[in-house]
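Morning, everyone. One structure today, and a quick walk through its surface. Please have a look at the slide.

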Amino acid sequence: MTDALSSMEYPHWLIIAGAVLLMLGLVGLALRPRSVEGDPSDMTNDQEPSEPEPDLTPAEVYERAAKEKRRARWAERERELEEPANDRPSVFGEESK
């Protein structure tokens, strides 16, 4: 057994070390304490901050406003995609289905 371990080259040692680390990680995941989730009413809403926000610099205010505008544009695009397309041209005088 000693000859087999001493004759292994560097890549083989890396494979063995990776396998050992993988097994330790899986054991750690299995043994970690599970967190208990509270009531859904206890969870905070994304729209309302749980603590007061500190004073923001003008650059941070600008970035936040730009982020909210982008979010609003994406939401508007999503709403447009969900609506049926009734503006299709009619074929031979009949409305398309």
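L5, W13, I16, V20, L21 and L24 form a nonpolar patch on the surface of this predicted model. Together they have about 570 Å² of accessible area. Areas are Shrake-Rupley with a 1.4 Å probe, and for residues only the protein chains shown count as cover. A patch takes residues with over 30% relative accessible area and no salt bridge; nonpolar side chains (Val, Leu, Ile, Met, Phe, Trp, Tyr) are joined within 5 Å, like charges within 9 Å. A salt bridge puts a side-chain nitrogen of Lys or Arg within 4 Å of a carboxyl oxygen of Asp or Glu.

Which helix gives the largest share of the patch? Helix α2, residues 10-31, with 5 residues. V20 lies in that helix. V20 is partly exposed, at 44% relative accessible area. Buried means under 20%, exposed over 50%, partly exposed in between.

Now the whole chain. Buried residues make up 0% of the 97. The protein exposes about 10,200 Å², with 57% from carbon and sulfur atoms. There are 3 helices and 0 strands. Helices are DSSP runs of H or I, at least four residues; strands are E, at least two.

One ring contact. The charged end of R77 sits over the ring of W74, 5.1 Å from its centre. The rule: NZ of Lys or CZ of Arg within 6 Å of the ring centre and within 35 degrees of the normal.

Confidence, as pLDDT from 0 to 100. The average is 77, and 63% of residues score at least 70. Helix α1 is lowest at a mean of 72, α2 highest at 94.

Housekeeping: numbering runs from 1 along each chain, and side-chain values use heavy atoms, without hydrogens or water. Local features need pLDDT of at least 70, side-chain atom pairs 80 or more, while totals for chains, interfaces and linings use all residues.

Key. Buried means under 20% relative accessible area, exposed over 50%, partly exposed in between (1.4 Å probe, protein chains only). pLDDT is the predictor's confidence in each residue, from 0 to 100.
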